[in-house]
Every structure is written in C-alpha cells, then in structure tokens.
Amino acid sequence: MQDRGAGGSEDCQVIMAHATIYVGFTVPQLLRGASRIFPTHSALVVMRHSDFCYCTVNGTIKSKRKMDHLERTANNFRQEVISQAKVCGITNESETVKRLCLAIANKDFTFKAGQWVDFFIPRVSVVGGFSICSSPGLLEREGILELAVKHTLHPPANWIHTECTLDSEVALRVGGDFFFDPQPGDSPVKLVLIAGGVGINPLFSILLHIVDLHEYQEGKGNGYKMGTVKLYYSAKNTSELLFKSSQICKELKPHVTEGRISEKDLEKHVSKDTLWYICGPPPMIESISKLLSNIGVPRNCVFFEKWW
C-alpha cells in the first residue's frame, strides 16, 4: 500500500514498461547474504494464525473519485491498539521515496509481514496508509518499524517529504488482510513475490520475515521450514527500484537478472505448493492476475494488495 488517498494513474500505466529485476534463491542462499542485503537480525515472533485474504480483479479498475485511505480500507482488519511513535531515522531510498525509521512506544503493538499502518499526523486531518517494509522481528527485537513512502501531494506523504524531521511524533495503527504468517506446524510452501514500484514494501517485509523464520529454524532446530522464494520487481525506471543500495553478495549475483516479467518466467514456478503474492498499482495486478490464470495457477493461491 502506498498512501491510498494519493492517485498515481500515470505511473500505473507504465510501471511494467521499463526496469524489472528478478531475484530467485533458496532460503539458505538468501540467508548467507542477508547481513549485507537486508538490515535484519535473528529472531522470530510467532503470531496467531489467520487465513490468507484472496481478492479478485474483474475488468478494468476505474474510479471517478479517489477515495481516501480510510474509505478504501473500511472493511479490512484493524487492530485496536494505537501507538505513539517517534521518527528516529530518515533516509532517501530513491529520488522520490523517503524511508522512515519509527520507534514504537506501545509494547503491545504488533504486526504481520505484509500489513500496513494507519498513519496519524498531528495537525494533519487526513490519515495516511503506508505498508510496512521492515520485519515483525525487528519490532520485537528493537522496537523499530520502517516505512518507505513515495512523494505525492497527498497530505500525509507530502508531510513526510517536506515537514517530517527526526523526533517528529506520530501515531500508528496496524491493519490489513494481506500477509504471510506461517506457523511452525504448517506445511512448507514456495513463494513467488511480484512487486511494482513502491508495491515492493509489503513484499520486502515478507522477505525479511522469511529470513527470520529460517534463522530461527536453523538456530533452534524447530519452527517453520520455508521453501524457495522468487522475487520479481518492476518499476518505470531503475532509479525507482527501492532497496537496491545494499550490496548484493556474490552468492546471489547469479540469481539476479533484468528484463520484463513474462508468462514464460512465471510459468516455470507453477506448482501445487506455490503461493503468489502481488503488490502494485491496479493495472499491474489485473494484468498479472490474468496471466497467472492463463498458466493454470489456482485462484486460492493468489493474494494481492493494491496501492493507488
């Protein structure tokens, strides 16, 4: 989710047209390079199991009036806990995206990898909605949550880019039905993650959570055992590809390629134990969903989150 009140129709139409990065790896390969690729540490927060959310897209997604975040997510799950948070870090993830590090005050505040937050700003009447890009384990270990927010004129995103400073105080509430939260006794699955633009955020959170799950399983000898993970990431140009500043270790370099996402690319990952997670603008989700249907992926194995 990228600020559901902020329209991005022009970007949506071209999001698949230019730069695509494909990363394919087994979890041990990911883990060997994790300390250099992802800011993560070893730990696992086991959350209560919930069913995955499956949504379908029928026809072209159009809207004459842009609904705000609270309207769009009125029927989504929301936690009751609202926590104060203080900005403890601000970095430029790209020319148009700022990454916020937030220290969470409430110890009861939790989330599942893939979920978003309602973002409350003092003296700003509009509530923002931003997907979390860090892992649940980072929150458990350090009390930290991270967001990567693209600049738009929508008040919450604009505030983050023009007024937010270190020690700025906001409030957060977790919501969303799009997440990956396997339990220790669950059967292993393979994941294919497909992201467009800032739609990488919840999938990046899932990716980091998988690293935590693997470290826990390796260290404790129990817990959930993950299958392989494939990531397809597309943006309108290479400068808009997020989280690329971290150096890719040599073990993963052979598994990184560039090009357009094609039916042939995805078809080779179809199996009975593969789950597909998609996040990006509505036209991208519509296109990928149709493609997956064409290659025989069951509808109940596809999960997606729209950003606007």
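Analyst: Strand 4 and strand 7 (residues 169-175) run antiparallel, joined by five bridges. Valine 117 stands opposite valine 174 of strand 7. This is a predicted model. Strand 4 also pairs with strand 5 (residues 124-131), again antiparallel and through five bridges. Here phenylalanine 119 has glycine 128 of strand 5 as its bridge partner. Strands 4 and 5 form a hairpin, with two residues between them. In that turn, arginine 123 has a positive phi of about 65°.

Strand 4 spans residues 116-121, and five of its six residues are buried, so the strand is largely enclosed by the rest of the structure. Val117, Phe119 and Ile121 are among the 23 residues of one nonpolar core, which also includes Leu147. In a regular strand, side chains alternate between the two faces of the sheet.

That core lies apart from another one. The largest nonpolar core has 49 residues, of which Phe180, Leu191, Ile194 and Tyr277 touch the most other members. Strand 8, helix 7 (200-220), strand 9 (229-235), strand 11 (274-280), helix 9 (282-294) and strand 12 (302-306) each give two or more residues to this core. Helix 7 gives the most, with eight.

Isoleucine 194 shows the packing there. Beyond its neighbours within four places in sequence, isoleucine 194 contacts residues including Leu203, Tyr232, Trp276, Tyr277 and Ile288. Glycine 196 lies in strand 8 (residues 190-196). Glycine 196 is buried, with a relative accessible area of 0%. Its C-alpha atom is 8.9 Å from that of isoleucine 285, 89 residues apart along the chain.

How values were computed:
Residues numbered from 1 in each chain as written. Predicted model: local features only at pLDDT ≥ 70, side-chain atom pairs only at ≥ 80, totals over all residues. Heavy atoms only, no water. Helix = DSSP H or I, 4+ residues; strand = E, 2+ residues; numbered from the N terminus. Buried < 20%, exposed > 50% of the residue type's maximum accessible area, 1.4 Å probe, protein only. Core = buried A, V, L, I, M, F, W, Y, C linked by side-chain atoms within 4.5 Å. Contact = heavy atoms within 4.5 Å. Pairing = 2+ DSSP bridges.
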